[in-house]
Amino acid sequence: MKYQVMHDSGPRLRVRAGQWAFTKEEGYGLASLLLDQDFIHDVFTSYRNGSILIYYDGEVENKQRIFDILDGITIDDLFEAEPTQTQVSKEITDDFYWNISGMIGRRLLGKWFLPMPIRNAITLYRAIKYIWNGLDSLTSFRVDVALLDGAAVTGALLQGQYDPASSMMFLLSISDELEHYTVQKAKSTLKDSLALNIDTVWLVDDDGEEKQVPAMDIDKGDRIKVRMGDVVPVDGKVVDGEGMVNEASMTGEPLAVHKTNGKTVHAGTVMEEGNIVVEVYSMNKETRLNKIIDLIENSEDLKAETQGKAERLADSIVPYSFLATALTYLITRNASKALSVLMVDFSCAIKLTTPLSVISAMREASDNRMMVKGGKFLEHYANADTIVFDKTGTLTNATPKVVDVIPMSRRYKRDEILRMAACIEEHFAHSIATSIVNQAAEEGLKHDEDHSEVEYIVAHGIVTEYDGKRAVIGSRHFLFDDEKIKLTKTQEKKIEKEAAEHSVVYLAIDGKLEGLICIDDPVREEAKYVIEELKSLGIENVIMLTGDGESGAKAGAKSLGITQYRSQVLPEDKSRIVEELKAEGKTVIMVGDGINDSPALAAADVSVSMKHSSDIAREVADISLLSDDLYDLVTLRKLSVGMLDKINTNYRNILVFNGSLLVLGVMGLIQPATSSMLHNLSTMIFGAMSTKSVLSDRDISNDIEVEAIQVADAS
């Protein structure tokens, strides 16, 4: 391939191969070819001029490797491919700027170079659309913005006011382009959040052997293995095994569904428990998930609520604009004064500034490592008065440690209790199980396979046979309520005395409680300060949900400054608690990270997933944090409140300024042309102000504040 280096700055390289070097689809293929190199992070191509923009690890040898790859590409190497979501998002933004620039350029060139008769003819041609829409509203008995716009344009043209009419239509077209861009970006973000990013799957051959293969190599009729915690990559039928599949991303139902032989599973759902072998029905674009994504992409119902509110406000003002125009004419019998009133279109500024404010806030969120699926979720986040935290992995680092092992009888010593617990728990990847296994390893306690096959009961515990006796290990609820293990008063007092401040895993052998394993999961360093900040920003209720026992939950809540908490909460309880809070009239934020948080995330008014959340939590959540810093919740609150403040300030300023123009027009102090010019100028100024950042540098950096609080606490 022949090309010219246009820009070279370390990790960013742009080359240009010429206008006819490749088609749009071949550009996507070229990008995918380059992205196969692990040192290349992003590639963006433009078929218009053959531009290739490459982001890579900036070492000199890597740049030379890129040149070698480009030098070796021939016309036979080019192939058509689909764009990545990153490329789609960038193209939406590029097209938006291209269209806006074109609109501004055509207007300026027309003013500078076209004679007046031709400009007037163009204005008349452009006015047809607005007059037609106005007539449609009139014949449908709708008093809305389209009717006002059509009437204002018609009135200006009848008075020979071509420039004011042209300016009004120009600003309305800018507003329409902004609205289109906002909706497309929201759709793209939502589509990206739902898209499956699965590179490899486990293929099961006819002999039952499993091998890892690229997902793109799977065909209909193949059989693949899906394990606990995995996202199902295809639509298919279960042909072996059984398990519980969470289909919330597909059906909205919070409870997992039992899947056995012959049952259908869908791409994008998640295995909560068990392992299954699936015979492939459809993959890639043919899956039900991708059909849903296509429906989303073609839906017109993704507009932010703030934009809907702006349009409703604009429509509600229309009758008053007509009334003011009619009264002015009846009182003054002066068509020029009446037109001055009609030319002041409140809706133009409101419809322009509101989507700009939403776009600006979503861009700021993205710049600060937060993915927001739509402007309406920022509005809900700003208005929320209650925040519900899942404890493990959200308020804590999800790295629990064994702090004590307490024998409850003379039959087993402390080391035997830990060894048995590790032997049973080693088969599961749960963080608490891992902490028990790691503690046994650190102490050199080797454990053989002394138990039979284990049965894992989600969110409860494990049942097995150990040394010929029934063994159960898990939560207090599991042992004493479900398994009916007897607890003596002496044992109860011992638990209260020695394990009151910890989360406890209980071990029972042959129907008798034999040991306690006390576990602490240290809270995040910044968690306490984040909660204090959220309270200062108007969050009235901070609630912690945890599966820990009462003593551990109480200790954790105390260390975080939380007064409301729920202990021994099961997965199905979380969504019920959120629904109860909403029924009380509260606007609820739910913050979680695990598979078992997904029903509560779906139930909340607005939900937030953490960086290392499960796949299903990220799919269900309305907002995803792309960093591991809880302070982003504070930043998000400031940003969302700032967005609403900006929109409300715009409303007030628009009403005051345009109201003043109405008064001046009625008094005859300004002509229609002047009224239109001032109105259009103010609209552009309000629009520019709407793009200003809401956050200050201090809002997005908590290091100074946290350090100051820590110093104060230490002193």
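Q: Axes are lines fitted to C-alpha atoms, for helices over the stretch in contact, and angles run from 0 to 180 degrees between N-to-C directions. At what angle do the axes of helix H10 and H23 cross?

A: Ground rules before the answer. The model is predicted: local features need pLDDT of at least 70, side-chain atom pairs count only at pLDDT 80 or more, and totals for chains, interfaces and linings use all residues. Residues are numbered from 1 along each chain as its sequence is written, and side-chain values use heavy atoms, with hydrogens and water left out.

Now the general idea: the angle and the distance between the axes describe two packed helices. Helix H10 (residues 335-342) and H23 have axes that come within 8 Å and cross at roughly 175°. H10 and H23 are therefore roughly antiparallel to each other (over 145 degrees; under 35 is roughly parallel, 65 to 115 roughly perpendicular, the rest oblique). Helices are DSSP runs of H or I with at least four residues, strands are E runs of at least two, and both are numbered from the N terminus.

Q: Which residues of H10 meet H23?

A: Lys337, Ser340 and Val341 in H10 meet Leu662, Gly665 and Val666 in H23 (contact means heavy atoms within 4.5 Å). That contact divides into 3 nonpolar, 2 polar and 1 charged residue.

Q: How do H4 and H5 cross?

A: The axes of H4 (residues 116-139) and H5 (residues 145-158) come within 7 Å, crossing at roughly 135°. That makes H4 oblique to H5. Among the residues in the contact are Leu124, Ala127 and Ile131 of H4, along with Leu147, Gly150 and Val153 of H5. By class, the H4 and H5 contact has 9 nonpolar, 6 polar and no charged residues.

Q: Which residues of H18 are buried?

A: In H18 (residues 527-536), they are Ala527, Tyr529, Val530, Ile531, Glu533 and Leu534 (buried is under 20% relative accessible area, exposed over 50%, partly exposed in between, with a 1.4 Å probe and protein chains only). Just after H18, Gly538 takes a positive phi of about 105°.

Notes. Nonpolar A, V, L, I, M, F, W, Y, C, P; charged D, E, K, R; others polar.
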